[in-house]
Amino acid sequence: MGRSVHFIAHHDRENAVTRYRCLNLIEQLESAGWTAKFSYRYAPGPITIDEDVIVLNRVLLDDPIRELIERLKAAGKAVVFGVDDLIFSGDWADKERAEAEPRLAEAVWRETMGYVEQSKETMMLCDSALVSTQYLAERSTGLGKEAALLRNTLSNELWLISQGVTRAASSEKVVLGYFSGTRTHNLDFDSIAAPLARVLENFAQAELMIVGPVATPALLLPFENRVDRRDVVEWRQLPAMLVQVDINLAPLDLSLAFNHGKSHLKWLESAAVGVPTVASRTLELSSSIDEGVDGFTAVGAEDWFNAIGQLIQDRGLRESLGAAALAKVGREYTASAQVGDTAAVFESIAAKFGSGVLESVTFAGYEEPGFFAKGIRKLMRAFRGG
């Protein structure tokens, strides 16, 4: 049984998915004595694969990838499909259609379905899946594909940065924060617009910070003088922005099955700077948050209003929940805390699916993305405004 792994990813190193699902795991595995390597699927030039566990992270199936998987298996290597979202189900296409501009909705759905099929085909050809949430594990096994669960954790660098930020002196105002990287979270934010409007109406000390290109819901427009709009910042700057809010909001539109597969990242990154979160009550977030101890989860407008209102009125509760969440991150969700679990998962994968014989395989590397991949990128840029 070998102790080497090679991550080949659909996204490059700068992408958040790659950081959390490849680079952070590499950091942990190297701490455990593994040899670990990263390659970008669309980088020019050949990729030499000497390792015995290969993770194809969100890689779309095309002819070169199909051939690569066959060659990797023939060489006795364990081949794993890495995935952190429900991109192997039509539920994702439904979500993208719901978020798209009406003029693009059906085209986006069709193109996304192409992405879904390519993702699913890659997963089904691999030996197993490596997922970030219990829900994704259940959906994978429902398709007959074994799945190993490794939840998202902080890198050493992000944990160190988070520990170095300081909160401003307390004031009478209470800042609620919603952090969104893209416009694709409009429905999520809309899902709490009514209770948020009620909060702003009932608590004069409440203010709202909205980060990212998400649209301001119509119900919140009357409170624009109490809304602070901010641009998205680079991930190393995120802790310094998170610490400026008193309550972090992590809503999801729970009518969309896709959202039930989302990870606990919004809670995790906020918890790392000691800020309490109110989040939608999914299986994953309920697993991460100890209700009323290190955060709150909510279902429905009344839950949201009550949880936010309770935190606004009780600074001591905000501080205790934030401190408990921070302590939990230190115990369970840092690179050092997860080294043992991560190494154990990869040891199991290597033992079950690999031959233990290291045989080199060379992959040609960059191939122009196929029709579906090019189409989905073009359409997504159009309706996201990017």
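At what angle do the axes of helix 2 and helix 4 cross? Point 2 takes this up.

1. **Confidence.** This is a predicted model. The protein chain averages a pLDDT of 92. A score of at least 70 is reached by 94% of the residues. Residues 381-386 need care in reading. Over that stretch pLDDT stays under 50. The model still gives residues 381-386 14 contacts beyond four places in sequence.

2. **Helix 2 and helix 4.** Helix 2 covers residues 63-74, and helix 4 covers residues 105-125. Their axes cross at roughly 10 degrees and come within 10 Å. Angles under 35 degrees count as roughly parallel, so helix 2 is roughly parallel to helix 4. On the helix 2 side, the contact uses Arg-66, Ile-69 and Lys-73. On the helix 4 side, it uses Glu-121, Thr-122 and Leu-125. By class, this contact has three charged, two nonpolar and one polar residue. A general point on spacing applies to helices: an α-helix has 3.6 residues a turn, so residues three or four places apart point the same way.

3. **Glu-117.** This residue also sits in helix 4. Glu-117 is partly exposed, at 36% relative accessible area. Its C-alpha is 25 Å from that of Asn-152. In sequence, Glu-117 and Asn-152 are 35 residues apart.

4. **Helix 12 and helix 13.** Helix 12 spans residues 301-313, and helix 13 spans residues 315-332. The two axes come within 5 Å and cross at roughly 105 degrees. Angles of 65 to 115 degrees count as roughly perpendicular, so helix 12 is roughly perpendicular to helix 13. Helix 12 brings Gln-310, Leu-311, Ile-312 and Gln-313 to the contact. Helix 13 meets them with Arg-315, Leu-317, Arg-318 and Leu-321. The class count for this contact is four nonpolar, two polar and two charged residues.

5. **Ala-325.** Helix 13 also holds Ala-325. Is Ala-325 buried or exposed? Ala-325 is buried, with a relative accessible area of 1%. Leaving aside neighbours within four places in sequence, Ala-325 is in contact with Trp-267, Ala-271 and Asp-294. The C-alpha atoms of Ala-325 and Ser-270 are separated by 8.6 Å. Those two residues lie 55 residues apart along the chain.

6. **Helix 5.** Residues 134-142 form helix 5. Its buried residues are Tyr-135, Leu-136, Ala-137 and Ser-140. What do they pack against? The partners are strand 5 (78-83), helix 4, strand 6 (128-131), strand 7 (147-149) and helix 11 (283-288). Just after helix 5 comes Gly-144, with a positive phi of about 85 degrees.

7. **Ser-128.** Strand 6 contains Ser-128. Ser-128 is buried, at 3% relative accessible area. Not counting residues up to four places away in sequence, Ser-128 touches Val-79, Val-80, Phe-81, Lys-145, Glu-146 and Phe-353.

8. **Arg-58.** Check the backbone here. Arg-58 has a phi near 55 degrees, a positive value in a residue other than glycine. The residue lies in the loop between strand 4 (53-57) and helix 2. Is Arg-58 buried or exposed? Arg-58 counts as buried, at 7% relative accessibility.

9. **Gly-365.** The loop between strand 14 (361-363) and helix 15 (371-384) holds Gly-365. Gly-365 is buried, with a relative accessible area of 0%. Which residues does Gly-365 touch, not counting those up to four places away in sequence? They are Arg-41, Ala-43, Gly-45, Pro-46 and Ile-47. Gly-365 and Ile-47 are 318 residues apart in sequence. Their C-alpha atoms are 5.6 Å apart in space.

10. **Cysteines.** How many disulfides does a search of the whole structure find? It finds zero. Cys-22 counts as buried, at 0% relative accessibility. Cys-126 counts as buried too, at 1%.

How values were computed:
Residues are numbered from 1 along each chain as its sequence is written. This is a predicted model: local features need pLDDT of at least 70, side-chain atom pairs count only at pLDDT 80 or more; totals for chains, interfaces and linings use all residues. Side-chain values use heavy atoms; hydrogens and water are left out. Axes are lines fitted to C-alpha atoms, for helices over the stretch in contact, and angles run from 0 to 180 degrees between N-to-C directions. Helices (H or I, at least four residues) and strands (E, at least two) are DSSP runs, numbered from the N terminus. Angles under 35 degrees count as roughly parallel, over 145 as roughly antiparallel, 65 to 115 as roughly perpendicular and the rest as oblique. Contact means heavy atoms within 4.5 Å. Ala, Val, Leu, Ile, Met, Phe, Trp, Tyr, Cys and Pro count as nonpolar, Asp, Glu, Lys and Arg as charged, and the others, Gly among them, as polar. Buried means under 20% relative accessible area, exposed over 50%, partly exposed in between (1.4 Å probe, protein chains only). A disulfide is a pair of cysteine sulfur atoms within 2.5 Å. pLDDT is the predictor's confidence in each residue, from 0 to 100.
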